[in-house]
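Look through the structure shown here, beginning with a single residue and its surroundings. The text then widens out to the chain as a whole.

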Amino acid sequence: MLDVRRLRLLRELARRGTIAAVAEALAFSPSAVSQQLSVLEREAGLPLLERTGRRVRLTPAGQNLVRHADAVLERLEEAAADLAEARSGLAGALRIGAFPTATRAIVPAALVALARRHPGLEPMVSETDPAAVAHALRAGDLDVALVHEYDFVPAPREPGLATQPLYREPMYLAAPAQAPSAGAVRAPASAAAYAPGAASAPAAASGPAPDQGAVLRAHADDPWITATHGTLCHAMAVRACQAAGFTPRIRHRVDEFPAVLALVAAGQGVAVVPQLGGMGPADPAVALTRLPMERRTKVAFRSGAAAHPAVAAFAAALRAAVPPELATPDSPE
């Protein structure tokens, strides 16, 4: 009989590439991972790994077993969801991953609604870059998470994970206001403009989007402010500029959008920010020009967990907390 825990190790090895990475992710020692995989090979009766020096790769039999492992683990998630549904009332920890913009703009209202309906549930939020969510969910470090993708950086399909679309938001070119681009507007007036039930959308969300390439090329010689290397936000800014015909000259690398806008206001460069990244008090030193590109935010969880009552309850609370000014999809993927 194949051991499910060892199947999980094999699947993580297929995703992460090295035994050391699997050990670090799952809080094992490398020798323990190697020993467990050796036991799995004996259980399977076939070689699952090929060792070439310090490198390890899966044999065809190992790759085929990983596909079965995905199906087995998905069914186990479905079983856990059924058992949770049979219990009366939701209780216990719900480990949530979220990126900073969503943590500030969407998650607090969702947590208030969740606590009101399910007081026994204990949500635990960890700031998690979307690029790290897949590993964290598969490793069991998170139960549900918010992820995003951009027009120029589509999210790859992650084996063992499922997503539901949550909202879409437009992107803006943020530049010092003393020399705004054509079509520029002032920054949004306040965070309240994005709150559910707000009377009207902020000025930055209205009006036709000018030609993206022309807007970006107008700042080809300016210094740029991007997120840190390796993040989706960094890749989005670089690829958008490259699509416009130039490579940005990056001066600052900052992940928090309020800090990015503060640097723009100080004349330190220009940046591309999502609509929710402009939340906060109006800054007359910043002008925003809407671009014809979007950031799309989704709820992610392990395959088979969509029906888990805690995951479903949090996803419903998130959908109710999305500001009405943002575009929302009609149905899950």
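In this predicted model, L216 touches L173, W224, A240, C241, A244, F246, V272 and L291, leaving aside residues up to four places away in sequence.

A pair of aromatic rings is described by the distance of the centres and the angle of the planes. The ring centres of W224 and F246 are 6.1 Å apart and the planes stand at 45°, so the pair is tilted; planes would have to be under 30 degrees apart to count as stacked, or over 60 to count as edge-to-face. W224 belongs to strand β8 (residues 223–226), while F246 sits in the loop between α9 (232–243) and β9 (249–253), so the pair links distant parts of the chain, 22 residues apart. Both W224 and F246 are buried.

L216 and W224 are also among the residues with the most contacts inside the largest nonpolar core, which has 33 residues. Another core, of 31 residues, lies apart from it; A105, L276, F301 and A315 are among its members.

Now take the whole chain. The protein chain has eleven helices and eleven strands, and 47% of its 333 residues count as buried. Of its contacts with a separation of 6 or more, 79% are between residues 24 or more positions apart.

Methods:
Residues numbered from 1 in each chain as written. Predicted model: local features only at pLDDT ≥ 70, side-chain atom pairs only at ≥ 80, totals over all residues. Heavy atoms only, no water. Phe/Tyr/Trp six-rings, centres within 6.5 Å; stacked < 30°, edge-to-face > 60°. Helix = DSSP H or I, 4+ residues; strand = E, 2+ residues; numbered from the N terminus. Buried < 20%, exposed > 50% of the residue type's maximum accessible area, 1.4 Å probe, protein only. Core = buried A, V, L, I, M, F, W, Y, C linked by side-chain atoms within 4.5 Å. Contact = heavy atoms within 4.5 Å.
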